[in-house]
Amino acid sequence: MEAAHAHPHDHGHDDHAHKPSGIMRWVKSTNHKDIGTMYLWFSFTMFLVGGIMALIIRSELFQPGLQIVKPEFFNSMTTYHGLIMVFGAIMPAFVGFANWLIPMQIGAPDMAFPRMNNLSFWLLPPAALLLITAQFMPGGGAGVGWTLYAPLSTQAGPAMDLTIFAVHILGMSSIMGSINIITTILNMRAPGMALMKMPLFCWTWLITAYLLVAVMPVLAGAVTMTLTDRHFGTHFFNAAGGGDPVLYQHIFWFFGHPEVYIIAIPAFGVVSQVIPAFSRKPLFGYASMVYATASIAILSFMVWAHHMYTAGMPVEAQLYFMYATVLIAVPTGVKVFNWVATMWRGSLTFETPMLFALGFLFLFTLGGFTGLVLSITPVDVQLHDTYYVVAHFHYVMVAGALFSAFAGIYFWLPKWTGRMYNETLGKWHFWLSLIFFNVTFFVQHFLGLAGMPRRIPDYALQFAEFNAISSIGAWGFGLSQLLFLYIVIKTITSGEKAADRPWEGADSLEWTHLPTPAPYHSFETPPVVK
Amino acid sequence: MSIKGFKKLAAAGALFFWSVAAWAEYKLNLQTPHTLLGEKIYDLHTIITVICFIIFIGVFGFMFYAVFKHRKSVGHKAAQFHESTTVEIAWTVIPFIILIALAVPATGTLVAMRDTSEPDLTIKATGYQWKWGYDYLKGEGEGISFYSMLSTPRAQIDGTDVAGRNANPHYLLETDNHVVVPVGKKIRILTTAADVIHAWYVPALAVKQDAVPGFIRDTWFKAEKPGIYRGQCAELCGKEHGFMPIVVEVMEPAKYTAWVGAQQKKVAAAKVDPNKTWTPEDLKAHGEKVYAQNCVACHQATGMGVPGAFPALSGSKVVNGPKADQIRLVLNGKQGTAMNAFKHLSDVDLAAVVTYTRNNWNNKTGEAIAPADVKALR
């Protein structure tokens with residue numbers, strides 16, 4: 001935008017002109033594509049850091065007994081694996097997609113607040129640094145679980161304070177990013193781009209951004225109360241001072257359950273772009289998809305205590321939360337049915353993005369079903385805090401959100417880089433991920449059913465076989481992701497040139513109205529959408 | 001079918017059954033329930049899983065049909081339909097009805113689970129970092145009180161005795177004192193905690209209840225059959241979270257009565273004479289036992305603690321300083337650290353353990369703390 005104002009007659013050179021070179025291009029960038037790229041690389045880096053932590057956990061659990069790490073370090077690994085994957089890997093990945101795609105898909109030149117966009121990215125590295133350096137504080141990282149439950153968190157060492165500040169900073173970044181996304185979508189659509197004409201990806205992000213603005217302050221409140229309990233003499237979570245430890249859980253999960261959908265809904269958006277493109281058929285039930293997404297978002301505020309069935313609450317409250325929770329299965333089911341109906345009588349091809357989208361559909365639905373099992377309170381009381389829950393949310397987070405992110409990367413990489421990825425290697429990446437993912441996590445359902453609690457560094461002998469299988473799967477899954485890194489680097493450096501519209505069925509503005517690779521400044525004059 | 005074909009089929013069948021037998025070693029489902037309520041939950045889980053499985057097959061039957069029949073490579077041309085209000089309404093309403101059908105039996109079971117009224121025996125389970133304390137509050141055995149700790153030897157856990165571990169069928173699921181209850185009686189468990197949140201979880205009895213410090217929660221079970229049922233703490237409670245199991249021993253009523261008698265005799269015998277004068281040696285010897293049960297997980301047998309996490313007692317300023325300060329610290333804990341209050345221990349236990357720490361390792365204060373000193377500071 002700045003370039004356009006300074007040199008109104010210079011449109012032909014927008015592509016190359018006026019970006020600072022070297023490192024300052026990135027540090028000072030206000031360009032949505034540069035910032036999107038930084039988000040995605042940051043997210044992948046954090047994915048590797050969190051992945052290494054996961055492998056430490058799985059290596060310790062390969063056999064019964066304590067072999068590799070001490071219990072306190074093990075607890076720290078489970079804590080920071082969760083925090084880093086949720087706040088450092090998955091959430092920034094989808095913000096990266098939002099940055100790259102929303103302006104292009106609605107026909108805008110950039111995000112509404114480019115400088116704030118720069119700030120919301122650059123808040124992430126210090127937060128990540130705090131989470132990583134927490135490991136080196138006296139006493140090591142805080143082994144309290146990613147949910148940071150009080151009073152365990154009020155008795156933890158100084159690493160806990162770093163973690164709290166990291167959460168604050170991540171929250172600020174998310175809120176700013178969300179304000180930017182909401183404003184961009186509501187104010188900067190091209191003429192004729194009615195809300196109900198937007199690609200579904202934009203819709204899912206609009207809804208997600210509202211969720212983020214609503215719940216990140218709640219999380220900030222919860223960790224601030226923990227901070228003042230730790231250092232400033234308050235007793236929010238201490239019964240001896242009139243507080244209640246379970247209050248923390250209520251506040252946390254009031255953030256935490258919408259958070260699940262903050263992660264899942266943009267993933268729905270990506271899949272809703274990919275499946276129609278490779279089915280060569282418009283998305284089935286566009287309007288009902290929008291309504292279903294909005295209902296899921298609204299319902300997500302009303303079900304938080306289903307994470308706390310064993311914490312103790314009146315039976316009436318348990319009944320209410322059970323009924324409200326099973327209700328979520330209805331709009332979620334609608335989405336799954338719509339995707340399958342989109343494929344029905346289409347003309348399907350199975351390039352890597354489509355494979356990952358189908359992997360998402362199949363495994364996310366499985367995670368949804370275990371979610372339904374867990375929503376039934378009497379059954380949940382048996383399975384709560386066991387490996388069944390671990391398996392359930394990894395089906396939703398990994399096979400759900402992560403697979404959808406992979407689908408999105410392979411889908412848009414040609415538009416972003418101007419080059420095609422290697423299809424054979426992409427398929428290898430898919431099949432290896434799919435198989436090893438299931439080897440890792442499917443068996444964890446059995447461990448949970450048999451009664452293995454989560455977050456334990458050592459276990460009884462009857463759990464040994466499945467733990468060994470799961471650990472082997474984890475190493476396979478982790479190593480398969482190095483192949484992904486290789487594929488992306490290879491595409492950027494020496495992939496074949498991609499066409500403007502490499503996917504026959506892709507029909508949003510970035511494919512139909514922009515060259516490949518997408519120019520540095522796109523849509524300085526808004527396209528006309530009919 | 002030809003003979004050859006039949007042989008092949010038989011071989012395949014044998015292989016199948018062999019692999020089923022091999023898989024029987026692997027636990028694939030919930031533990032066998034030993035309460036009626038547990039059976040209900042087990043059935044509920046089975047019903048939901050089966051319903052989910054049927055829907056799963058249905059939905060993905062459609063998907064895989066499309067994947068194989070509606071692909072471009074077999075020349076399928078894309079239809080362009082993208083809406084159908086009838087279908088949309090159908091697949092909103094039908095799941096809704098299925099869900100209601102699921103919620104009905106779940107409601108009945110939940111209400112029964114939460115009905116803790118009219119128990120035959122009430123036991124309070126208190127979670128400590130990292131052991132359980134039990135107090136028999138009401139019913140036969142009233143007044144019995146004990147701690148229950150992991151009894152698996154450390155050597156099996158840290159890998160110095162792998163053979164012992166492999167030969168131990170109850171590795172990590174064994175305690176020094178079992179929670180003993182009579183069969184066929186309604187047992188109400190009150191849960192609470194002294195420090196952080198723990199959870200009392202015994203899968204075969206279908207109970208899990210968080211133990212929240214400062215609050216009382218409850219749950220109940222009625223075991224159908226004598227036996228030993230094992231569970232673990234299910235809520236992350238710090239370093240030794242994986243090492244505080246729960247073992248419930250269900251006995252025939254007559255045997256239970258005998259157990260209660262034996263316990264009460266033991267309590268009477270162990271009752272410390274309040275007028276007994278403790279020699280420093282007695283205190284130190286008793287203190288070593290108290291230390292091993294309450295302090296060793298953090299401060300270590302060497303008294304050196306874990307650098308950065310848990311302070312050393314050997315050479316410590318507090319332990320070598322005025323005795324009143326140390327006693328207060330042990331009594332009240334230190335806010336904001338893992339050092340909890342140990343008020344629940346008796347005056348004698350506390351006097352003994354403080355004496356022990358003040359005269360062990362590099363600490364040579366030569367002082368003996370009298371139980372009265374502790375009492376005065378409570």
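Residues are numbered from 1 along each chain as its sequence is written, while chains are lettered from A and ligands numbered from 1 in the order in which they are written. Because the model is predicted, local features need pLDDT of at least 70 and side-chain atom pairs count only at pLDDT 80 or more, whereas totals for chains, interfaces and linings use all residues.

Q: Why is H8(A) called roughly antiparallel to H9(A)?
A: Helices are DSSP runs of H or I with at least four residues, strands are runs of E with at least two, and both are numbered from the N terminus. Helix H8 (residues 200–231) and helix H9 (residues 245–279) of chain A pack at an angle of about 165°, their axes being 8 Å apart. Axes are lines fitted to C-alpha atoms, for helices over the stretch in contact, and angles run from 0 to 180 degrees between N-to-C directions. Angles under 35 degrees count as roughly parallel, over 145 as roughly antiparallel, 65 to 115 as roughly perpendicular and the rest as oblique. The angle of about 165° therefore makes H8(A) roughly antiparallel to H9(A).

Q: What makes the crossing of H8(A) and H9(A) left-handed or right-handed?
A: A crossing is left-handed if the near helix is turned anticlockwise from the far one by less than a right angle, and right-handed if clockwise. H8(A) passes H9(A) in a left-handed crossing. The residues of this contact divide into 24 nonpolar, 6 polar and 1 charged. In this count Ala, Val, Leu, Ile, Met, Phe, Trp, Tyr, Cys and Pro are nonpolar, Asp, Glu, Lys and Arg are charged, and the others, Gly among them, are polar.

Q: Why is H14(A) described as roughly antiparallel to H15(A)?
A: The axes of helix H14 (residues 387–417) of chain A and H15(A) come within 7 Å and cross at roughly 165°. That angle makes H14(A) roughly antiparallel to H15(A). H14(A) passes H15(A) in a left-handed crossing. Among the residues in this contact are Tyr387(A), His394(A) and Tyr410(A) of H14(A), and Phe437(A), Phe441(A) and His445(A) of H15(A). By class, the contact has 13 nonpolar, 5 polar and no charged residues.

Q: How do you know that H11(A) and H12(A) are roughly antiparallel?
A: H11(A) and H12(A) pack at about 165°, with their axes 10 Å apart. The result is that H11(A) is roughly antiparallel to H12(A). H11(A) passes H12(A) in a left-handed crossing. Residues that meet here include Met322(A) and Trp339(A) in H11(A), and Leu361(A) and Leu372(A) in H12(A).

Q: What makes E6(B) and E7(B) a pair?
A: Two strands pair if DSSP finds at least two bridges between them. Strand E6 (residues 198–202) of chain B and E7(B) pair in the antiparallel sense over 5 bridges. Trp200(B) stands opposite Gln209(B) in E7(B).

Q: Where do the domain bounds of chain B lie?
A: Such bounds come from an automatic or database domain assignment. For chain B the assignment gives domain 1 (23–113), domain 2 (121–270) and domain 3 (280–377). The C-alpha centres of domain 2 and domain 3 of chain B lie 26 Å apart.

How values were computed:
Two residues are in contact if their C-beta atoms, placed from the backbone, lie within 7 Å.
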